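Hello,

Here is the structure I promised to pass on.

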Amino acid sequence: MKKSFFAATMCSALALSLGLATASAQEAVSASDAEGGELYFVELAGKPVADGNSLANVRAEKARFLRAAEGAGTEFTVRRSYDTLFNGYAVRISGAQRAALKRLPGVVAVWPVETIQAPEFDPAVGLTPDLNLALSLTGADVVQNSLGYTGTGIKVAIMDTGVDYDHADLGGDGTTRSNSTVFPTARVTHGWDFVGDAYTAGLTPVPDPYPDDCNGHGSHVAGIVGANGTLKGVAPGVTFGAYRVFGCGGSTTADIMLAAMEMAYNDGMHVLNMSIGSRAQWPQYPTAAASSRLVKRGMVVVASIGNNGPGGSAPDGPYAAGAPGVGEHVIGVASYDNAQLSFSVSGTSYGYNQASASPAAPTSGSLEMSKTGTPTSVDDGCTAYADPAPHAGKAVLVRRGTCAFHIKALNAQNAGAAAVVLYNNAAGALNPTVAGTPAITIPVVAITAAQGATLDGLIAGGTTTLNWTSTAVGFPFGTGGLISGFSSFGMAADLSLKPDIGAPGGGILSTIPLEIGGFGTLSGTSMSSPHVAGAAALLLQAHPFFTKDFRIHTLGARLMNNANPTLWSGNPALGFLEQTMRQGAGMLDIEDAILATSDVLPGKLSLGESEAGPQTRRLTIHNRGASAVTYDLSHQPALAVGPKNATNFATIGNFLANAGVAFSAPSVTVPGNKGSATVDVTITAPGAPALGQYGGYVVLTPQGGGRALRVPYGGFIGDYQALPVLTPTANGFPWLAQLVGTSFFNRPTGGTYTMVGDDIPFFLIHLDHQSERIELTVQDRTGQSWRYISDDWFVGRNTTAGGFFAFEWDGTTFHGDKTFTVPNGEYYVTITVTKALGSKRNPSHQETWVSPAITIARP
């Protein structure tokens, strides 16, 4: 799950990455990595059909918009039209025309259409570890075998790379076919291919009626939800809708995702799983907002929260949670490591994560171990071994750091190693991929930093033997049941608590297309999300009232109330709970969710910034049981997290900082037979870490025994608007820039522009945090205002320390519905950023930058 940078007002909008190693000396940056820039959502003022508007009204408003655009001479190409979940269009338009588009009557917002990279698919092919290990962590095996629920009668939509509907475990006949047209089937009853095999963002989609999977990711997700054959998924009785939005690789765009959501809704799907998304986005972004509308219309929507945790391949800090998972009513899902297979050394078990794109480790046999570094090595295994002989035929212990995992594994493989044991260089789990060329052909497994240090000492002390086993283990022998290293941190930009819940996602066996082996193991929040989607199907089968007298979004609260918070993955022996903005409510427990007779609403508490003082929230407990229940009220603190490190996103500060929690009464009695009662909880934030996030759990324990219910909470410590946004970077952003050939050149002392072709001013800025609003305005040398260049709301942040957004100015400005062509002369552009949840009327909530002199010299 990768985020496409936002690029505002550009006909050739650019979102570039800058290498910090040379940034301080650079006066130019290459434009070769330009992303998108001409695709936008146009949102109209009226509500979509899902929010209660009529189809006739929506289409009439859209017709008025098109007539107004034609009358104004605004040129664009309609790419997609939406009525149900979004009122408007996806269009292709030049940057010069975009400002004119926003001035048309009825237009309330113009959003960039994000580009989303296809999920990584580098499976370890084989039948280990058993999927049932993951099901046992959530109680799904008990629900199937003891309670008898399988999801029968529930339709689950898989928006992904397609589904191999020929796979016998997914209801097919087991015949291997590429581009299969044997569709629909008894289990994959609905679907559509929106793009075609060759599609990637920038190409023209070639849709067809056959959503077969030539990538594999979607089939893996579908198998977790409901495989029924060699493997059993969470809900083996469901039927599927397959909505293919990716080609065989490459990327897709958010407008295609939105079209797939509308089709899933029109097809009557009960649950939608989206194991895709865009990092560090706002809940207001069209795919997130549309997802929340689906929930309001009766569909459960589940989405992965992202793979940008400190142990991921693209690490990020707080506020990395992605859209649509950050949607208000979307169940955003974190990942826990599965129960792990293990090897033993000197009688001690070591649970490991299988590296993606390597052969599965054996479950028997022994290897002598060797090592190439120490627990302090920073570049262990990054160069070819000077003397391969000590490592030939052995399992080589290699520490994470400096170079890619593929390089470390390849150097060991070239030295004749029989296996590689990677260990982390930081606290927590390690879930690596060794994908690359040439392929890795020896098993590669990953363990924690502490496990690696222990093995290093044993190897240094003499002959050490690794024994492969088929034994599955969890903590304390590995990271099974703890949060996955790659799982992203929240909260969302509006300080809503995200993720909502977690489920197994590290090291999950499931179905993959028959053409590439039939079964394989993958890791990611892509794998945890379908566990929750399958659980939603089981819960809907067990309790249909969630779609009747209960609004469907309360189903998420039921799951959250009954989840199990887990210990901090960095050092679980200390007994601290993982941050709520990392694990949400905790590990999914579908057995308890089905057996529960009470619900606490809301299912989570988003407390905002502590600058406003202690926060009081009212909890309402609904009791569907026959008898009254009295709950004692208490509190469990969780760790806090510090602010994002501006130069190293993978560096996370973990703090023991407990909030103060008080209740309006020490206990509450809830009458039976659909009775309800309320209790107020007042939460006072800790004083530190400044500009960090804190959290914990309100606990309701029934007197006389029984399952406790929990409500997670989270908030910001201090003044949220104190977080820097327009942060100067090592390369000196913001810039006034000029595009020369394929590069942007910095013009720190001012620039002259002919306004012909690409010879126009560009403004390059780095945004260190999500922004509520970004305005570009123009003044001449006397200070006279020439109004707006652009005015954009709910802008995401950069996802690398050297990343930047580019804005351009074509010499036109606007105010209201009036347009101005600025004459030749000298001008200055002011960029004003209103911070997240900030007020334009409060100067301390804004940051500004004024450009050097811009001379417009049209010929």
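Leaving aside its neighbours within four places in sequence, leucine 559 is in contact (heavy atoms within 4.5 Å) with Ile331, Ile501, Val532, Leu539, Leu588, Ile590 and Ala593. Before you go further: this is a predicted model, where local features need pLDDT of at least 70, side-chain atom pairs count only at pLDDT 80 or more, and totals for chains, interfaces and linings use all residues. Residues are numbered from 1 along each chain as its sequence is written, and side-chain values use heavy atoms, with hydrogens and water left out.

Leu559 is also among the residues with the most contacts inside the largest nonpolar core, together with Phe41 and Ile590; that core has 114 residues. Such a core is a set of buried Ala, Val, Leu, Ile, Met, Phe, Trp, Tyr and Cys residues joined through side-chain atoms within 4.5 Å; buried means under 20% relative accessible area, exposed over 50%, partly exposed in between (1.4 Å probe, protein chains only). Helix H10 (residues 525–542) supplies its largest share, ten residues; helices are DSSP runs of H or I, at least four residues, numbered from the N terminus.

As for pLDDT, the predictor's confidence in each residue from 0 to 100, the mean for the protein chain is 91, and 94% of its residues reach 70 or more. Over residues 1–25 pLDDT stays under 50.

In H1, Val58, Glu61, Lys62, Phe65 and Ala69 are buried. The face turned away from the buried side of H1 carries the exposed residues Ala56, Arg67, Glu70 and Gly71. Glycine 73 follows H1, with a positive phi near 75°.

Best wishes

Conventions
Helices (H or I, at least four residues) and strands (E, at least two) are DSSP runs, numbered from the N terminus.
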